[in-house]
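This briefing goes through a structure of paired chains by topic. The sequence and the model come before the notes.

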2 protein chains.
Amino acid sequence: MQIADLDTPVAVVDLDRLEANIARFQTYLDRHGIANRPHIKTHKIPQIAHMQLAAGAVGITCQKLGEAEVMANAGIADIFIPYNIVGGAKLERLVALARRASISVTADSEYVVRGLSGAMAAAGLELPVLVECDTGLGRCGAQTPSEAAELALLIARAPGLRFGGLMTYPTTDATGPFMREAARQIAAHGLAVDRVSGGGTPQMWQAHRCPEVTEHRAGMYIYGDRYTLKAGAISLERCSLTVLTTVVSRPTADRAVIDGGSKTLSSDLLGLEGYGMCMEYPEARLYSLSEEHGQFDLSRCERRPSVGDRVTIIPNHCCVVSNLFNEIVGVRAGEVEVVWPVAARGALR
Amino acid sequence: MQIADLDTPVAVVDLDRLEANIARFQTYLDRHGIANRPHIKTHKIPQIAHMQLAAGAVGITCQKLGEAEVMANAGIADIFIPYNIVGGAKLERLVALARRASISVTADSEYVVRGLSGAMAAAGLELPVLVECDTGLGRCGAQTPSEAAELALLIARAPGLRFGGLMTYPTTDATGPFMREAARQIAAHGLAVDRVSGGGTPQMWQAHRCPEVTEHRAGMYIYGDRYTLKAGAISLERCSLTVLTTVVSRPTADRAVIDGGSKTLSSDLLGLEGYGMCMEYPEARLYSLSEEHGQFDLSRCERRPSVGDRVTIIPNHCCVVSNLFNEIVGVRAGEVEVVWPVAARGALR
């Protein structure tokens, strides 16, 4: 089956590019002695996770427990969940998961540490817990190195837990100084910081500039998207994920409407102008999405598509797009090679 | 099982409110002699579609062929797909669907009409096709009444098709004049306009002001959301869909982070400020979403939630939220009564 035989909208991955992206970033991290722990939230597909591991990743990262369960079911042995696991139902699932895979998690408060400790001690397990540190994003995480050190000590003393190191997202210029100072204070308590986990795709090629970081979590590097393109982390000819759509209406000379909208491409703007880039008509501006329609302004285009024409979209944000599709089609040289179910799609808990 | 026993994030529907919303709008349309053809893109759940039909809806509306297939599989007999069906694969599926249910569709170009005609004539079927008219949205649709009349004539003469009337989205002040003039021109060709399909939830209580419209398609009226609230089409105590989340981090005095982000609430802003409203802390501002985190600014709150507390979110846009969940939990008086799979979720083609 050829790409041209696929009905639209469809999410297509160029397998040559995917494999090259996986290999290229692994080589970079290997060269700098940084462990690769790719974030599977981008693809949610066990087969791609196995490709990343085969290339040299030390394990994977999942954002939610449900994603980790899907990946463990697929035989993946080492899973990091950099998320505060809160509540009895999730702690019970975490215990079950920790019995069958090598799991590590994070915490940024005493509440979370106490919950993890209670569950793990009762189960007779020892869970590595890293302290999440806010080194610039302003989302979760200890706000100061002293706060991180206090949490490290709390974890080290908590039954059922082991202090597993420090974690941040994303790695920024402030990460090094924060981590150095936190490690200094933690060492004063007689604890070692063996693992410092940094992350992010936009700055992925600068990971080596922060020598404190021992492992890197990137997600989007396998696919690329307009956001990663704008950040300069990937080039257009390396972007592997596209959404193939069909022009279903040309109501005016300047407007084309495609059969993909916010339920296909998502409304994520991430500071970009427009909702995606059209490969065949790069001057066309995808200025508006409704749920199942995407509207292009063609006023800057010399050539213009007709109803029935297919157009290929590079989305703004690949992670949310793969979460909207039930399956991703893998192609090589225009030929369909595989259809992967997005197995961890919708694993919100 | 009680609401408090549900793990988060979870999409919860209050069944008393859902039933009341279905009944209230049906009563309004009945009073004005307007047929109700609810849009199931909002819920994508056959059981809710059956509730709408039992209340008096003449049929349902689906935005995609795949949604219509799911609904036909659930025994729903009358389905309108107000969308340009383009391409051989979809036309083949449309033929199969038209053999087992009463289907109508729309077209806004000769290309679409020719495609439908070829497929239906070859199958020996007669498909009602409505002309989509752009009466203000600026998306798809004939741009002028004359263009609509020309398409009506084209449909009427096309083998395998029957002219089924006129359709627009949403019903606006310009809808009446457009439809009157189109009907006048169409009548001059000896054709009758038996069905004029209007739609939209924000202006749903004004549907009767456009007497040309014979049926109304609303979707969000069953759930409500911040967008519908702002439009004045629903009141807060009637909103039936909420997303229950848990506070997983309180990194600073002014910040709370919940376990729902853009993969739970979507990034849809629809002109609103913030990504959702918190029922327990209405002064809290949901200012930022990442994929699995939502960030609240608590600076205006006197009381503030702690890690582990549950908070209830009214989303900006209910349709895209139900598309992100695999199932919706129906509750009555705090007790879980039913869990509905979102059966047509991800039916993008």
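In β14(B), Phe296(B) stands opposite Ala256(B). The model is a predicted one, in which local features need pLDDT of at least 70, side-chain atom pairs count only at pLDDT 80 or more, and totals for chains, interfaces and linings use all residues. Residues are numbered from 1 along each chain as its sequence is written, and chains are lettered from A and ligands numbered from 1 in the order in which they are written.

- Ala256(B) belongs to strand β11 (residues 255-258) of chain B, which is covered on both faces. Helices (H or I, at least four residues) and strands (E, at least two) are DSSP runs, numbered from the N terminus.
- On one side of β11(B) are Arg255(B) and Val257(B), on the other Ala256(B) and Ile258(B), and all are buried. A residue is buried if 20 or more other C-beta atoms lie within 10 Å of its own, exposed if 12 or fewer, and partly exposed in between, with C-beta atoms placed from the backbone.
- β11(B) runs antiparallel to strand β14 (residues 294-297) of chain B, and four bridges join them. Two strands pair if DSSP finds at least two bridges between them.
- Strand β10 (residues 241-252) of chain B is also antiparallel to β11(B), through three bridges.
- Val247(B) has Ile258(B) as its bridge partner in β11(B).
- Two residues lie between β10(B) and β11(B), which form a hairpin.

**The parallel sheet of chain A**

- An open sheet of eight strands has the order β2-β9-β8-β7-β6-β5-β4-β3 (chain A), with parallel pairing.
- At its edges are β2 (35-36) and β3 (60-61) of chain A, each of which pairs on one side only.
- Within this order, strand β5 (residues 102-107) of chain A and strand β6 (residues 127-133) of chain A pair in the parallel sense over three bridges.
- Val129(A) in β6(A) is the residue that Val105(A) stands opposite.

**Helix α4 of chain B**

- Helix α4 (residues 88-100) of chain B has 13 residues and reaches 19 Å from its first C-alpha to its last, close to the 18 Å expected at 1.5 Å a residue. The expected span is 1.5 Å times one less than the number of residues.
- Its buried residues are Lys90(B), Leu94(B) and Ala98(B).
- These residues cover an arc of only 75 degrees around the axis, so they are on the same side of α4(B). The arc is that of the directions from the helix axis to the C-beta atoms.
- Gly88(B), Arg99(B) and Arg100(B) are exposed on the other side of α4(B).
- The cover over the buried residues of α4(B) includes α3 (65-73), β5 (102-107), α5 (110-123) and β6 (127-133) of chain B.

**Contact between the chains**

- Chain A has 48 residues in contact with 49 residues of chain B. Two residues are in contact if their C-beta atoms, placed from the backbone, lie within 7 Å.
- On the chain A side, the elements that give two or more residues are α4 (88-100), α5 (110-123), β10 (241-252) and α9 (318-322) of chain A.
- β10(A) gives the most to this side, with six residues.
- By class, the side of chain A that touches chain B has 14 nonpolar, 21 polar and 13 charged residues. Ala, Val, Leu, Ile, Met, Phe, Trp, Tyr, Cys and Pro count as nonpolar, Asp, Glu, Lys and Arg as charged, and the others, Gly among them, as polar.

**Domains of chain A**

- The domain assignment gives domain 1 (32-222) and domain 2 (236-341) of chain A. Domain bounds come from an automatic or database domain assignment.
- The C-alpha centres of these two domains lie 35 Å apart.
- Nine residues of domain 1 of chain A are in contact with seven residues of domain 2 of chain A.
- The domain 1 side of this contact has three nonpolar, four polar and two charged residues.

**Backbone exceptions**

- Most residues other than glycine have a negative phi, and most peptide bonds are trans.
- The peptide bond from Thr8(A) to Pro9(A) is cis, with omega near -5 degrees, and Pro9(A) is in the segment before β1 (10-14) of chain A.
- The bond from Tyr169(B) to Pro170(B) is cis, with omega near -15 degrees, and Pro170(B) is in the loop between β7 (161-168) and α7 (175-188) of chain B.
- Leu270(A), not a glycine, has a positive phi of about 50 degrees; this residue is partly exposed, with 15 other C-beta atoms within 10 Å.
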